[in-house]
Amino acid sequence: MERVITSEFCKEVGELSPEALKLDRNRMKFILKKKFRNLSGRKRLGLVWMVLDPIVVSLVYLFVFSVLSARTSIVTIFVGITLFRLTQNSLKIGMNSIKDFTGGLKAERVRTRVLIGSMIRYRTIDNFLQSFGVALILLLVFDAPLIGIISFLIISQLIGFLSEGVGMNLAPLVKKVPDLINVVNYVLMTLFFASPALYPLSTTEGIHYKLNELHPFTYFVETARYFLDEQSEILNLDYRLFGFFLFILVASIIRGYSIIDRLRWRMTTWS
Amino acid sequence: MVLEESEVDKNIPKSTVIEISEFSVDYHMFKRSRKKPLGEFEEYNALKALNININDGEIVALLGRNGAGKSTLLRSIAGLLRPSKGKIVTNGRVILLAGADPGFITQLTGRQNVIELALAYGISENELPDFIKSIEEFADIGEAFERKLSGYSTGMRGKVGFGFITALKPDILLMDETLGVGDREFRKKASKRLNEFIKRSGTVIISTHSIGLARDICTRGIVLDKGGIVIDSNAEEAISHYINMTEKS
């Protein structure tokens, strides 16, 4: 196959053959396997930790709240913490996506479609693993409605993809100014306590409530709680604002994936 | 990701498998100074407007001092570095042999790694048993082949990695001198395997400091210095020029 390399692109000429398409599929599988293997490392429970992590963290906060005698519902905490951790992790993965565009194969260039394909598959599986354990507990232990469980799983997928999209847009900036990672960490920490992750929006008031109205996470977590028959303010929130946030987030994820090829190429000579 | 046929220059002769025209590479290095405490990117010119045509079947020695731009050129041809100017057109599958790690997963055994990587490098399931056997026999690490790679020594990992990459079938092989792994006995074996690999590959470019290797197997030589071509000629002439150049300095 003929390949043309210029300052603008590195592309192959003509249609990809069935063999090339099969090779790409094998490479996607390899990259996924490598990512998950690296994540599980030598841990005895491996990927099970991805399922356990939101459950354990929720239980810790539940304990803290019971000590503080706060009357927050268990389901509200489980949903809030799971969705916030998913947002946090996906955003960070998006921001770090620029670090390795080789796909882990060092002797040959991997097509960008392979990288994008493996990123999408990874995100889907990661979103599922991080929300599945909690969904199961909500269903079996707390007798949550099925529609609520399904909504929770769908919102987990949405929030994971959208956060990664935002992270991917921040990635070039982070590469140029690595200090941004610290700033983002502090912002996320503040948002964790300030946004309705640990408590329903209805318990906030005044400026705190107003600020949360301007935070997209609020809309997702309150929607999930609504379908789980929990305390939720979603019907009192401005759906036009939600639509606006959704539009921006969807645009950022489309942009995030579409700039990978250009970005990958540009940063090969950065050090 | 793909270009239309009409966008491609049809004037390139069929036998030319690598066409490099006016090709320059600039690295962008982050630098902090008193004047710019937040830092800025500084450009460093690594390759300067190179023009090279390489034909099918040629074995080219890329000679030059450290930092002359040899590795940059190989990585550029492999499609791993973005040029600042110019163009490279390659025709065929390009494999870069630089180091002896094709992309190992350390949590898997040697055998599992070979299987996973083989599929990712386009080895078909029919070819797989022979492919694995060839690497197992070459690496000759006994029962360690069934152990996780995380427990391998650098030498063992190098043997499996070198065995793997040299079992592939590229149309264009780019080699960045890599025989630094293993013991004396292994190097002898590796040298033999490398020669077979080179013969099997259509076109080869070897970046090397070894005059012997360049003289023995190369048909053409290119000497680089400070990112530019000093001489592009037959292997013997290029080697003589390189020797003179290094002796003077």
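Contact here means heavy atoms within 4.5 Å. On that basis, B:L128 touches B:I115, B:A118 and B:I123, leaving aside residues up to four places away in sequence. The model is predicted. B:L128 is found in helix α3 of chain B, which spans residues 128–139. Its relative accessible area is 11%, which is under the 20% limit, so B:L128 counts as buried. B:L74 sits 54 residues from B:L128 along the chain, and the C-alpha atoms of the two are separated by 29 Å.

Chain B is assigned two domains. Domain 1 of chain B comprises 5–93 + 205–248. Domain 2 of chain B covers 104–168. The C-alpha centres of domain 1 and domain 2 of chain B lie 31 Å apart.

A:T76 lies in helix α3 of chain A, residues 74–96. A:T76 has a relative accessibility of 1% and therefore counts as buried. Residues up to four places away in sequence aside, A:T76 touches A:A197, A:Y199, A:P200, A:R225 and A:E230.

Cysteines were considered next. The count of disulfides over all chains comes to zero. A:C10 counts as buried because its relative accessibility is 8%. B:C218 is likewise buried, with a relative accessible area of 9%.

Side chains of opposite charge can pair when their charged atoms come close. A search of the whole structure finds 22 salt bridges over all chains. One of them joins A:D24 to A:R111, with the closest N and O atoms 2.9 Å apart. This pair links distant parts of the chain. A:D24 is in helix α1 of chain A, whereas A:R111 is in the loop between α3 and α4 of chain A.

A:D24 belongs to helix α1 and A:R113 to helix α4 of chain A, so the pair ties together parts 89 residues apart in sequence. The accessibility of the two partners can be set side by side. A:D24 counts as buried because its relative accessibility is 1%. A:R113 has a relative accessible area of 29% and is therefore partly exposed. A:D24, A:R111 and A:R113 are linked with A:E12 in a network of salt bridges.

The interface between the chains was examined last. Chain A and chain B bury about 4,000 Å² between them. Of this area, 57% is on carbon and sulfur atoms. In chain A, A:I5, A:A107 and A:T269 lose the most area to chain B. Together these residues account for 16% of what that side buries. The contact takes 39 residues from chain A and 47 residues from chain B.

Polar pairs also cross this interface. The search finds 20 residue pairs in polar contact between chain A and chain B, both residues being at pLDDT 80 or more. Several elements of chain A give two or more residues to the side that touches chain B. They are β1 (2–5), β2 (10–13), α1 (18–40), α4 (112–140) and α10 (260–266) of chain A. Of these, α1(A) gives the most, with eight residues.

Three salt bridges are found across the interface of chain A and chain B. In one of them, the side chains of B:E116 and A:K33 meet at 2.9 Å, N to O. The side chains of A:K106 and B:D101 also meet in a salt bridge, at 3.1 Å from N to O. This pair crosses between chains. A:K106 is in the loop between α3 and α4 of chain A. B:D101 is in the loop between β6 (94–98) and α2 (110–120) of chain B. A:K106 is partly exposed because its relative accessible area is 46%. B:D101, at 28% relative accessibility, therefore also counts as partly exposed.

Methods: Residues are numbered from 1 along each chain as its sequence is written. Chains are lettered from A and ligands numbered from 1 in the order in which they are written. This is a predicted model: local features need pLDDT of at least 70, side-chain atom pairs count only at pLDDT 80 or more; totals for chains, interfaces and linings use all residues. Side-chain values use heavy atoms; hydrogens and water are left out. Domain bounds come from an automatic or database domain assignment. Helices (H or I, at least four residues) and strands (E, at least two) are DSSP runs, numbered from the N terminus. Buried means under 20% relative accessible area, exposed over 50%, partly exposed in between (1.4 Å probe, protein chains only). A disulfide is a pair of cysteine sulfur atoms within 2.5 Å. Buried area is the accessible area (1.4 Å probe) that two parts lose on being put together, summed over both. A salt bridge is a side-chain nitrogen of Lys or Arg within 4 Å of a carboxyl oxygen of Asp or Glu. A polar contact is a pair of N or O atoms within 3.5 Å; within protein, one must be able to donate a hydrogen and the other to accept it, and residues adjacent in sequence count only if both atoms are side-chain atoms.
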